[in-house]
Amino acid sequence: EYAITGAAITSEEKLDRLRLGELSAIESMVKGTATTADWRALVDMLNIAETMATNGIGIEVVAVCEIVQKEMEAAAHRYEKTRKMGLTGTGIRYIKELYALHDLQRTSISRSEYERMIEKTSNYIRSNHHKVVHIT
């Protein structure tokens, strides 16, 4: 049963929870009311999308990830100075595009493959922690 479940596309219920969290974080960024938790949720989405793309799942996502990476870093730096979290117009445009592309990525593969990509992302971040942007 576990093997069958793992081979299945991620359930709509779990995807809906992920989507709701990501969309809520994007909306908060648009309104300028985002928290560091919202930022973290979007950076997590970015990192997983980039891992998937560099592993051949939606390779067109890489270019969008590069833009979003810069925008999220800039948002973190602004937050450190102003204590307000938000994105520029460019950041908002590209985070929305990234969300749509990542949703296609994760609905195109099995749950076990998606979990493997999440684990691969987590391992990369742990091994490269000195390169990762943190918000204080």
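Guide: The side chains of D16 and R19 form a salt bridge, at 3.1 Å from N to O. The term means a side-chain nitrogen of Lys or Arg within 4 Å of a carboxyl oxygen of Asp or Glu. This is a predicted model, where local features need pLDDT of at least 70, side-chain atom pairs count only at pLDDT 80 or more, and totals for chains, interfaces and linings use all residues. Residues are numbered from 1 along each chain as its sequence is written, and side-chain values use heavy atoms, with hydrogens and water left out.

D16 and R19 sit three residues apart in helix α2 (residues 12-31), about one turn of the helix. Helices are DSSP runs (H or I, at least four residues), numbered from the N terminus. D16 is partly exposed, at 41% relative accessible area. R19 is buried, at 14%. Buried means under 20% relative accessible area, exposed over 50%, and partly exposed in between (1.4 Å probe, protein chains only).

Next, helix α5 (residues 89-107). It holds R106 and D103, three residues apart, about one turn of the helix. Their side chains meet in a salt bridge at 3.0 Å, N to O. R106 is buried, with 0% relative accessibility. D103 is buried too, at 15%.

These residues join up: D16, R19, E22, D103 and R106 are linked in a network of salt bridges.

Helix α3 (residues 36-54) carries D44 and R40, four residues apart, about one turn of the helix. They pair in a salt bridge at 3.1 Å, N to O. D44 is partly exposed at 32%. R40 is partly exposed at 30%. The count comes to ten salt bridges.

Definitions and conventions. Helix = DSSP H or I, 4+ residues; strand = E, 2+ residues; numbered from the N terminus.
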